Amino acid sequence: MTQRASVSDSYPSVQQELARLAGSEQVRSAFEWFRLQESRFAHWQMEVARVAAPPFGEAARAAWLAGQFRELGLSGVQIDDVGNVFGVHAGFGSRYLSLSAHIDTVFPAATPLHIRREGSRIYGPGVSDNGAGIVAMLAVAGALNEARIEHALPFVFIGNVGEEGEGDLRGMRHVFATPRWRDAIAYSVIVDGAGSDTVVAEALGSRRFEVIVRGPGGHSWSDFGAPNPILALARAIDAFGQTPVPASPKTTFNVGVVRGGTSVNSIPESASMRVDLRSTSMAEIDRLEGALRVAIERAVDSENRAAAGHGARRPQTVSSDVIEIGNRPAGELDPQARIMKVIRAVDAHLGNTAQVQRASTDANIPLSLGREAIAIGGGGSGGGAHTLQEWFNCDGRDLGLKRILLTMLTLAGAGE
Ligand SMILES: [Zn+2]
């Protein structure tokens with residue numbers, strides 16, 4: 001993916017703008033503020049991680065964030081219908097640059113949130129994903145306020161719900177379905193997790209299904225010959241598992257959960273599986289979905305035919321249901337996109353090395369709509385995401401914060 005780094009005609013002007021910004025009094029004082037305020041950032045991070053935010057249960061954290069937005073001087077602070085939190089830092093244009101971080105976690109409501117600090121490290125569920133992103137958003141808002149930085153495009157800060165798992169990007173989907181924001185957000189910078197060494201510019205799409213096969217059930221001896229949902233499901237898995245996939249665009253499938261039956265001597269009444277399809281190409285996901293549906297239909301037919309052949313006492317059949325349980329659109333950033341040139345130039349300026357990556361993040365939504373969007377980390381380093389052993393190391397957080405601030409200011413253009 002190194003071809004993404006190709007130098008284009010507009011590169012020098014981005015670099016010039018960046019050099020001018022980085023040399024300005026206000027930006028220098030914002031950088032100094034980032035360096036001096038680390039203990040405040042760590043405090044915010046521990047505080048937010050202690051407010052539970054399971055999928056579909058983010059309201060308490062949203063209220064906490066709205067309070068922080070107000071304290072940091074953002075205007076128009078509000079929470080929308082689905083629970084996304086907004087705050088604006090005014091500029092002079094009518095289109096916006098959004099800086100967003102998801103506020104939900106993967107942890108169920110009852111998870112004990114023991115958040116603790118040892119030296120430069122913070123431990124506990126959600127401290128990096130997305131405590132680091134939420135703190136980066138607050139730090140940038142704080143720096144704009146402290147250093148009185150002006151910029152042309154206004155900024156909208158968004159703490160959005162529903163990024164993880166079954167949330168299925170519902171928060172970001174709602175932002176881009178809302179007339180006020182849909183066409184107004186020109187650039188989206190998404191902060192997800194820790195680190196400064198990646199740029200997500202390709203949206204990995206996924207579609208997930210629950211497949212349920214139901215039948216009459218019965219006794220394994222006396223009802224022998226009745227169609228069997230587990231056998232039908234097994235045939236479907238066998239056939240679908242042989243579906244060819246291209247190496248490029250990279251496309252994958254997985255049968256991740258299989259359930260069914262009640263006892264060894266009962267013909268089951270139902271069997272189910274969960275299937276995950278992924279690709280950077282929507283066409284490939286569509287093709288895989290088609291193959292899955294055909295495999296299931298054929299498997300059900302052949303199980304019903306086999307049962308009829310056994311001369312079951314009364315006509316009995318199995319039937320199937322395919323329920324979509326997740327859908328994240330795929331998309332790619334145009335290699336010539338301005339946001340890519342800017343982040344590249346910022347990384348060069350900061351002496352930072354970053355890799356372009358493909359992932360499933362909130363950026364999927366704007367990227368799938370052809371908008372300019374990237375997802376980057378909130379600085380520092382972290383690990384153990386989605387486990388109770390999750391950690392964040394504050395060392396080097398200011399590099400990540402500088403990277404975000406410079407990217408935003410360069411994209412937005414100078415204020416007067
Ligand atoms: Zn995340």
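Of the 416 residues of the protein chain, 54% count as buried (under 20% relative accessible area with a 1.4 Å probe, protein chains only; exposed is over 50%, and partly exposed lies in between). The structure is a predicted model, in which local features need pLDDT of at least 70 and side-chain atom pairs count only at pLDDT 80 or more, while totals for chains, interfaces and linings use all residues. Residues are numbered from 1 along each chain as its sequence is written, and side-chain values use heavy atoms, with hydrogens and water left out.

The protein chain contains 12 helices and 19 strands, taken as DSSP runs numbered from the N terminus (helices H or I, at least four residues; strands E, at least two). Its C-alpha trace spans about 85 × 50 × 40 Å along the principal axes. Among contacts (heavy atoms within 4.5 Å) between residues at least 6 apart in sequence, 81% join residues at least 24 apart. The protein chain exposes about 17,700 Å², of which carbon and sulfur atoms supply 50% (Shrake-Rupley method, 1.4 Å probe).

The zinc ion is coordinated by His102 (NE2), Asp129 (OD) and Asp192 (OD), at 1.9 to 2.1 Å. Donors are N, O and S atoms within 2.8 Å of the metal (3.2 Å for Na, K and Ca); water is not among the atoms, so sites may look incomplete. The donor residues follow the spacing H-x26-D-x62-D in sequence. Because His102 belongs to strand S3 (residues 96–102) and Asp192 to the loop between strand S7 (185–191) and S8, the pair ties together parts that are 90 residues apart in sequence. His102 is buried, at a relative accessible area of 1%, whereas Asp192 is partly exposed, at 21%.

Asp192 also takes part in the lining of the largest pocket, where Asp192, Thr198, Val200, Gln357 and Thr361 lie nearest the centre among 14 lining residues. A pocket is an open set of points on a 1 Å grid over the protein atoms alone, where a 1.4 Å probe fits, with protein on both sides within 12 Å along at least five of seven lines; lining residues have an atom within 4 Å of a point. Strands S8 (198–203), S16 (355–359) and S17 (372–376) each give two or more residues to this lining. The volume of the largest pocket is about 260 Å³, counted as the space filled by probe spheres set on points joined across faces, edges and corners.

Gly384 is located in the loop between strand S18 (381–383) and strand S19 (391–393), and is partly exposed, with a relative accessible area of 32%.
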